[in-house]
Amino acid sequence: MNLVKEISYCCPICEKEHKVKVSEEKTKALIKNKSIEYKEIYYLCSETNEEFYPEKIMDENLTRARDAYRRLNGLLTSVEIKEIRDYYGLNQRELSNIFGWGDITVQRYESKKIQKETYDEVLRRAKEDPLFVYNELKKHKDKFTNDKFKELEFFLKNEIKKKQTILCNIEALKALYIDYDEPSEFNGNKQLSFSNIDQMLRFFSQSNNNLYKVKLMKLLWYSDVLHFKENNKSISGLVYTHMPLGALPLGYDILFQAFSNVVSIQVESLNYSDDEDIIGYRIINLEKVDLNKLKPSEIAIMNKVDTFFKEMGSKKISDYMHEETAYKNTNLGDLISFKLAARLKDLK
Ligand SMILES: [Zn+2]
C-alpha cells in the first residue's frame, strides 16, 4: 500500500472524527471481460486499522478502473473527453448535439459509461480537426440557438485558419530541412525536433518579458551549441547560418508561423539612435513550458544560457556573439558548423 495523505475524517467505524489514512493500492478488476489493473483509493481507520470506502471514493475508483480500461484499449479517458469540450468551450449537451447524439451521451462518457469505438473515433477527430467539427455543427444547426451557433461558428472558423497556417508552415519547414535529415555537423547531430523547438520557444519567451526576435535566435543558438559541446548533440536540430546580426536558423520566418500557437510577434518601432528608426519584433509568450518534455541536460543548458544573457538586449548579445570563433570563422550566408562549438567562450 501507498500512503497518499492523512486527513481528519468522521470515521464510520468508530463513529467519531479522528485521523484517517488515505491510501492507494494496485488492484485488479474485470471490465467487459478484460482484466485491468488500476490504483484503488481507500481510507484506513488508524484506530481499528480497518479500511472503508466513502461514496465519493467508490465513484473515483470506478472512474479510475474505467480509465485504465480505456487506456489499455486506446480509448480517450474521461479527462481527455472533457479537455476536448473545454477547448471548444462547450458543455456536455452541446458537444453531444454537434454530432447529432442524444443530449446525455457525452455526460455518460465523462462519468460512467465507456464509449463505443465509433464514438471514440468521432471525439478523437474532433480533437484534431476543427474543420470536421465545423461541418458537423452545420449539419446539426437546428439543435443550437442562433446566438450559440454564431459564437461557435466564429470560433471554429478562426481555429480552422490558425490550424491551416500552422500545418502549412510545419510542412514547409520539413521540406526545407530535408537536406539535413541525417545527423551532421550542421544540425548538431540531431534531426529537427518540433517538440523541442516548441518547448524552447515557450521557455525563453516565458522567462523574458522583454524579448525580441534577434535575441531569441541567439538564445536558441547558444543553447544548441552548448548542449552539443557537452553532449555531442544539439537540442533543436536547427541549422544555423551566418547573418549580419549573428546566427540565424534556416527558415526562421517559417519557424515563427509554424509555432504561432506558442509565441506571437508584435512589431514595434525602436529608437536605437537619433537618426534611425529600427523595427523591433517583440516575442509574446502564449503557452507555458512543459519541462517534462525536455531532458534534464537540455533544461540545465537552457537555464544557464537564459541566466547568462538575462540583462543583455538584442544588440549586446549580437555583439557578444560576433566575438565567437564559430562566427568569425564563417562568412556571410555560410552554415555554421557545430564543430566550431568546441571553441565557444565559457559563459561566465
Ligand atoms: Zn476509526
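Trainee: How far apart do the C-alpha centres of domain 2 and domain 3 lie?

Mentor: The C-alpha centres of domain 2 and domain 3 lie 40 Å apart, in a chain that is divided into domain 1 (2–72), domain 2 (79–151) and domain 3 (182–343), with bounds that come from an automatic or database domain assignment. This is a predicted model, in which local features need pLDDT of at least 70 and side-chain atom pairs count only at pLDDT 80 or more, while totals for chains, interfaces and linings use all residues. Residues are numbered from 1 along each chain as its sequence is written, and side-chain values use heavy atoms, with hydrogens and water left out.

Trainee: Why is H140 called buried?

Mentor: H140 has 17% relative accessibility, and buried means under 20% relative accessible area, exposed over 50% and partly exposed in between, with a 1.4 Å probe and protein chains only; H140 therefore counts as buried.

Trainee: Where is H140 found, and which residues does H140 touch beyond those up to four places away in sequence?

Mentor: H140 is found in the loop between α6 (130–139) and α7 (146–176), where helices are DSSP runs of H or I with at least four residues, numbered from the N terminus. Not counting residues up to four places away in sequence, H140 touches N97, I98, F99 and G100, contact meaning heavy atoms within 4.5 Å.

Trainee: What makes the pair R124 and D120 a salt bridge?

Mentor: A salt bridge is a side-chain nitrogen of Lys or Arg within 4 Å of a carboxyl oxygen of Asp or Glu; the closest N and O atoms of R124 and D120 are 2.9 Å apart, so the pair forms a salt bridge. Both residues lie in helix α5 (residues 117–128), four residues apart, about one turn of the helix.

Trainee: Is D120 buried or exposed, and what is R124 called?

Mentor: D120 is buried, because its relative accessible area is 3%, whereas R124, with 34%, is partly exposed.

Trainee: Why are E171 and K174 separated by about one helical turn?

Mentor: E171 and K174 are three residues apart in helix α7, and therefore about one helical turn separates them. Their side chains meet in a salt bridge at 3.6 Å, N to O; E171 is partly exposed, because its relative accessible area is 47%, and K174 is also counted as partly exposed, at 41%.

Trainee: How many salt bridges does the structure hold?

Mentor: The structure holds 21 salt bridges, including the one in which the side chains of D198 and R202 meet at 2.5 Å, N to O. D198 and R202 are both buried.

Notes
Helix = DSSP H or I, 4+ residues; strand = E, 2+ residues; numbered from the N terminus.
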